[in-house]
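Dear colleague,

Please find below the structure that I am handing over to you. My notes on what was found in it follow directly after.

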Amino acid sequence: MNAHLQQLLNYTRREFFQRAGMGVGGAALTTLLANDLQAALPTAANPMAARESHFTPKAKNVIFLHMVGAPSHLDLYDAKPKLQELDGELVPDKLWEGLRLAFIREQPKLMGSPFAFQQQGEAGLPISELMPHLGSVSDELCMIHSLKTDHFNHAPAQLFFQTGFSRFGRPSLGSWVNYGLGSANSNLPGFVVLITGNVAGAGNSLWGSGFLPSIYQGVEFRSSGDPVLFLSNPKGMTGEDRKRIIDSVNHLNQVQLADVGDPEIATRINQYEMAYRMQSAVPELMDISNEPKHIHEQYGTLPGKASFANNCLLARRLVERGVRFVQLFDQGWDHHGSIVKSLKNKCRQVDQPIAALIRDLRQRGLLDDTLVVWGAEFGRTPMVQGDRKAPGRDHHKDAYTVWMAGGGVKRGFTYGKTDDIGFNVAENPMHVNDFHATLLHLLGMDHERLTFKFQGLDMRVTGVAGNVVPEIIA
């Protein structure tokens with residue numbers, strides 16, 4: 001008899017379990033982990049299948065407009081007559097003492113807005129002269145003047161605003177929505193990103209999936225060339241050739257998925273198949289030239305050219321087709337100097353198309369189901385930065401304005417209030433975690449139940465904080 005086999009036969013029962021314990025435990029752990037991986041995806045065969053919300057939603061889709069760099073709320077939406085009176089005076093000692101700002105180091109002077117405000121619509125919301133088109137749809141807006149964040153530097157504040165965490169590695173808000181609700185259109189991604197100008201300082205983590213399966217990350221649609229990289233077939237390859245390759249590769253992927261249960265394999269299967277379907281769906285979507293003339297005049301769009309206006313029109317076309325979350329990033333709002341000229345130029349680029357988007361969604365019966373969000377990573381200071389001949393404003397995290405429209409929020413409504421100079425929240429503070437919890441609630445999701453197990457914890461976008469703000473819900 002083989003000597004090694006004879007040795008095994010001579011083991012006592014106790015010796016066998018002592019030596020084999022780690023192997024048995026490892027096998028059990030492997031089985032448990034495989035079950036967890038399968039459970040991580042609502043449907044392994046189709047991780048993007050549409051899913052039921054926790055309760056009846058107010059909104060079905062989101063169009064999120066992020067003004068990268070952070071515009072001055074004090075010059076756009078939060079009129080402060082007292083700040084106008086104190087223009088040129090030193091900031092009070094009690095506010096300056098111990099204050100940390102991004103760039104201002106010496107005690108600065110207060111600066112009133114150089115722009116006039118006018119009460120707009122039946123609700124009388126004060127809106128700056130820089131946004132006359134938005135003023136025409138002001139009765140659709142729900143203004144939140146009391147948002148607070150934890151960070152005053154761009155990249156961490158951008159990450160916090162979009163992911164609920166200030167460091168890399170967390171899923172973006174759009175990814176959480178994509179994971180929680182799935183997609184209503186099998187030919188398009190559930191989360192689409194459109195960018196004007198340069199990518200924000202925090203990069204593509206602002207639409208990344210973090211620890212969620214990568215199927216839920218945002219897909220950037222480009223303004224020139226292929227809307228999605230490598231979407232077109234190489235020269236000499238037909239659609240039938242591509243389909244045969246995809247079917248063959250995914251057959252092997254299905255075998256591996258059944259064997260190991262890795263959700264990233266399901267992601268690959270779904271992405272290969274979606275890429276094939278997108279080859280016909282995306283070019284049609286991105287071609288805005290077939291829109292009527294009055295629509296182009298309304299938005300200020302120029303087919304074939306990259307612009308924020310074009311992206312707003314594309315956002316409407318995307319939600320029409322069932323895309324769950326559309327994220328627009330517009331770069332160029334970091335005005336540390338020459339704010340009079342620079343802010344005016346940026347508002348001229350976005351005012352008309354944003355108003356047109358809201359009006360167009362209303363006319364098509366889409367606004368009640370679509371939540372439009374306008375905001376940035378933080379606000380700007382009520383004190384001047386730099387030369388008074390070309391003044392700017394520094395970063396400010398303790399109080400700023402965002403707004404929502406449609407999707408179940410109150411129309412022509414104002415929530416929260418800042419103090420007389422717009423420095424601190426005076427009434428109804430709303431933290432970014434509360435903002436995220438409320439947005440998810442409008443989509444029919446409980447932020448405490450929308451979780452994903454990672455490193456042994458049930459993770460969520462709001463961390464251990466966040467409260468829904470019912471006062472803004474219609």
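Contact, as the word is used here, means heavy atoms within 4.5 Å. Please bear in mind throughout that this is a predicted model.

Gln385 is placed in the loop between β9 and β10 (395–396). Is Gln385 buried or exposed? Its relative accessibility is 14%, and because buried means under 20%, Gln385 counts as buried.

Strand β9 itself (residues 379–380) contains Arg380. With a relative accessible area of 1%, Arg380 is buried. Its side chain makes a polar contact of 3.1 Å with the side chain of Asp334, and the Arg380 side chain also reaches the backbone oxygen of Ala70 at 3.1 Å. Asp75 is 305 residues away from Arg380 along the chain, yet their C-alpha atoms are separated by 9.3 Å.

I turn next to the helices. The axes of α6 and α13 come within 9 Å and cross at roughly 30°. Because angles under 35 degrees count as roughly parallel, α6 is described as roughly parallel to α13. On the α6 side the contact is made by Phe160, Phe161 and Thr163, and on the α13 side by Val432, Asn433, Phe435 and His436. Helix α6 is mostly covered, with eight of its 10 residues buried. The buried residues of α6 are His154, Ala157, Gln158, Leu159, Phe160, Phe161, Gln162 and Thr163. Just after α6, Gly164 takes a positive phi of about 80°.

Aromatic rings are a further topic. Counting ring pairs whose centres lie within 6.5 Å gives 14 aromatic pairs. One of them is formed by Phe161 and Phe435, which are stacked at 5.6 Å centre to centre with 10° between the planes. This pair links distant parts of the chain, since Phe161 belongs to helix α6 (residues 154–163) and Phe435 to helix α13 (residues 432–442), 274 residues apart. Both Phe161 and Phe435 are buried. Elsewhere, one aromatic cluster is formed by Trp176, Tyr179, Phe211, Tyr216, Phe452 and Phe454.

Charged side chains also sit over aromatic rings. Arg170 lies over the face of Phe165, at 3.8 Å from the ring centre. The charged end of Lys410 is placed over the ring of Phe413, 4.8 Å from the centre of that ring.

Finally, some totals for the protein. Its secondary structure comes to 13 helices and 17 strands. Of its 474 residues, 51% count as buried. Among contacts with a separation of 6 or more, residues 24 or more positions apart account for 76%.

With kind regards

Conventions: Residues numbered from 1 in each chain as written. Predicted model: local features only at pLDDT ≥ 70, side-chain atom pairs only at ≥ 80, totals over all residues. Heavy atoms only, no water. Phe/Tyr/Trp six-rings, centres within 6.5 Å; stacked < 30°, edge-to-face > 60°. Helix = DSSP H or I, 4+ residues; strand = E, 2+ residues; numbered from the N terminus. Buried < 20%, exposed > 50% of the residue type's maximum accessible area, 1.4 Å probe, protein only. Lys NZ or Arg CZ within 6 Å of the ring centre and 35° of its normal. Polar contact = N/O pair within 3.5 Å; in protein donor to acceptor, adjacent residues only side chain to side chain. Axes fitted to C-alpha atoms, helices over the stretch in contact; angles between N-to-C directions. Parallel < 35°, antiparallel > 145°, perpendicular 65-115°, else oblique.
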